[in-house]
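The sections below take up the contact between chains and then selected elements of one chain.

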Amino acid sequence: MSLKHDIEFKLNGITRRVAVDVSMNALAMLRDVIGLTGTKYGCGEGECGACTIQVDGVSLNSCLMFAVDCDGRNVTTIEGLANDSKADALRSAFVEHGAVQCGFCTPGMIMQADHLLRSGCGGDAGSIKRGIEGNLCRCTGYKKIIDAIASVSGAPS
Amino acid sequence: MNVAEKKARVIEPDTLIGKRIPKMDAPEKASGKTRYIHDINLSGQLHGKILRSDRIHALIKSIDTSAAKALPGVHAVITAADIPDQRPIGVAKDHFPLKVGRVRSERDEIAAVAAESEEIAEAALKLIKVEYEDLPVISNPEDAIKPDAILIHPEPHGADGSHEHLKQGMSIAHKGKPDNIAMRFDYVHGDVIQGEAESDVVIEDTFKLHYVTHCCMGVSGMIAEFDSSGNLLMYSNTQVPFLHKREFAEYLNMDPARIRIIQPPIGGGFGSKLDIYPFEVICLYLARAAKRPVKMLFTREEEFLASPTRQPVLLTLRSGCKKDGTLTFRQVHTLHDNGAYTSWGATTPFVMMQTFSSLYRVPHCDYHTAAVYTNNPYAGSFRGYGNLQATFAIEQHMDMLAEKIGMDPLEFRLKNAQDAGETTGQGMSFKSCGFKDCINTAAQRSDYARKVQENVANRNAAGNIKRGVGMASMLHVGGGAKIYPSDGCGTILKMDDFANITLITGASEIGQGSETVLSQLVCEELGLPISAVTVVNNDTAITPWDVGVHASRTTFIAGNSAIGAAKKAKAKILAVAATKYECAESDLDLRGGFVIKAANGEAVVELSKLLRNLHFQDKAELVMTTFYYEPPSVHQDKGFKGDVSAAYAWGTQVVEVEVDTDTGIVKMTKVTGAHDVGRVLNRLGIEGQIEGGVIMGQGYALTEDLMIENGVMKNPNFRDYKLVTAPEIPEMDISFIESMDGEGPQGAKGVGEAPSICIAAATANAIFNATGVRIYELPFTPERVYRALRGQTPKLYWKPWKAN
């Protein structure tokens, strides 16, 4: 039996208390324990970015973070962007610019793009490309994703 | 009320065709609300895991599952011995889901567990003990055809899954193979000997194409549940639900009518979900054994190891032309690495031979393929279906022949390019054909002719960065492909009291945007906004038959089917309105949610009101229609001849590169593409298809390489299997040639596969243009390019080979 540990943290603005296996990653906690499935498993080793979340305002791969390390932190997932006007603009831009095809990379891509915009990056196409280089997409060829982010950041396209 | 207000409202004409219509399911996907198969959990569900071989080629001497069965939380442990009714699966029915007696590749399935959690299932796998006796490994297809090669499939398989029963006179499902040849294809038109005699120039080269894989962002998965009456409900990622329903029934020895397949949104397809793979059948066995729903998901490593690949090809092409630039013949021999088993990869010659026989006018063509068994991963279907490999060779030869006769490569291509109305030696009839427009447009927009000259002149200039430009064109089916008994698609259309449409289509959605395009086509007929449509496309219990998502067929086939259903609905509505308003049907039309006067657009009645009137009356009626569209294409004859598609798509891509001669790094700077798509239906969607395909082609050309050494996959992860990332993408300039196909929906042709086909070929030509060095093998990694630039690469030569 795995060792369990109680943690308390802020998830999408709401304080949560959960008991998690000490060996569990944050991705598995979000999906399997808490039931928020917007964060996706793509590779489990930090290479694809499909599981991107924000912790204390910084984007990271939830597959590489132990669930217990969420204790006391402020965690935001794609679901947490639902009532955020800045994120609304980003989501709409992804839709309007055709940045979504199969959509599997999209939540992680939007979490990363949201982080870029909040940290003042993304003022030009080059910094957007560098900013999302850790997020793989197999459908779109990235161009429309870059265009979508640029339309919100005001970067010349 | 003044006079002006009494005037009838005029509805201005509008169209959805060619507009930038956002994908209908994008808002859900962008907010993380879409439930993929990974996100679905059924109550009482168990988790399935598979034990794979840790040998490449070996006899299984014994399997001990007793410790795994004893582990708390384990509900079922199965091996081949537990499934006496196993039947061989795959395109050639040459392997069992759970391997019997022998493993033939690294990924081979030996046992499977269903347990309360994934962790318990994984722990149980570790408790299964397998004893092997190693056999020699064939990892190189050239070794597989040597006379003394060990046979990969020597023994017959019984239809019941065990060899022992064969002795008791049971039926044989797979006879085994007396050699390692899985499939052969031989095609000929004209007479290549005559063609060669008429040639002023003849060249022959060997090309080598590598392993790549789909890398769908959503890993493979399945959920299976039998109800208490024995009916099977599957949540599956298949691209071909109706074909698979029948096949799964065969493997389970049950009535296909009792199988229902629901397709949750799919995290990428690209051809990978066109065949049934062992994990799917094993998941069914586990659900049957455990009498509980079983969910099985791959890890990313499993996705690399156990999902299909694009087929590696060794190819020798001999081709010729006259001094005036007329192509004379093509003679082609290819050796395909089939891997250990046969999936659709073995049948890519169907498409390859079309390109060899019919891309440009080829009077004489001779094509031979052998797909051979090895102990490597087995190859499936992948966007482009052999066409990337064929085009890689052909378009390099086009440049090389042009250079030999001293002709401009653009002029040489245009001289041999076909026009509408031509029929090829293989019987493909080009009713619409924008081939020359594609070549000219791509050349002009990229300034190809000037850059070709300029780059050659700069080859010996100072500096380590050399610029190159290369061109390649492609031909692909664009109006379905009549491979199965029917290439059709069904539609059911119903309208409610508020003039909303439920469009029930057989066409599967795999991220390509079919639901949006089909809705546009229906709205165009019925004069309604796209928001009026709800699409149902993912449940075999509801949707009408469709052959599946393949061959770039959905817009064309399902589109024509949707239009057919919409036209029937429109005819019914107009007939009702004509009676009610005492005029001819031809005086009326539908526009903007109204029945209007066709002559001046004046609104006659709101469509929803008319539908309610029809519904709530004594002879009540609803508007519900059905349509089944079968394209006017034909099956090929035994010699592979025939007009297999109702339309053909064309495209030309010009690739520009910078080659760093110090490091061998090739940077793709720009792709200029011109595609004959018939007509643009959804500009946003079609740009997305092209851009995504171009970058997939870039990966094939430059970075992606599934490395197999002695049967072992060396890089089953995203760190070492290098997908293209955002900073590496080239500038893209995409043009659409609208040839308005007469059979296509609103004139459109298929485009899904087209954009990835030419990139590697054009890149090869661009590297040559930059450096004067031709590289015959993919991918163009820094090491390969570096060595080639220094003359360290021996010239590839594979002697065309024929078995007796």
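## Contact between chains A and B

In this predicted model, 40 residues of chain A are in contact with 45 residues of chain B. Four helices of chain A, namely H2 (85–96), H3 (106–118), H4 (125–131) and H5 (143–153), each supply at least two residues of the side that touches chain B. H2(A) gives the most to this side, with four residues. By class, the side of chain A that touches chain B comprises 19 nonpolar, ten polar and eleven charged residues.

## A buried strand in chain B

Strand S5 (residues 109–115) of chain B has seven of its seven residues buried, so it is largely enclosed by the rest of the structure.

S5(B) pairs with strand S1 (residues 46–52) of chain B, to which it is joined in the antiparallel sense by six bridges; here Arg52(B) stands opposite Glu109(B). S5(B) also runs antiparallel to strand S3 (residues 74–79) of chain B, with five bridges between them. In that pairing, Val113(B) in S5(B) is the bridge partner of Val77(B).

## A buried helix in chain B

Helix H11 (residues 349–358) of chain B is largely enclosed by the rest of the structure, because ten of its ten residues are buried. Among them are Phe350(B), Met352(B), Gln354(B) and Ser358(B).

The cover over the buried residues of H11(B) includes strands S9 (181–189), S18 (327–339), S19 (364–373) and S20 (465–477), together with helix H12 (387–405), of chain B. After H11(B) comes Tyr360(B), which has a positive phi, near 75 degrees.

Definitions and conventions: Residues numbered from 1 in each chain as written. Chains lettered and ligands numbered in written order. Predicted model: local features only at pLDDT ≥ 70, side-chain atom pairs only at ≥ 80, totals over all residues. Buried ≥ 20, exposed ≤ 12 C-beta atoms within 10 Å, placed from the backbone. Contact = placed C-beta atoms within 7 Å. Nonpolar A, V, L, I, M, F, W, Y, C, P; charged D, E, K, R; others polar. Pairing = 2+ DSSP bridges.
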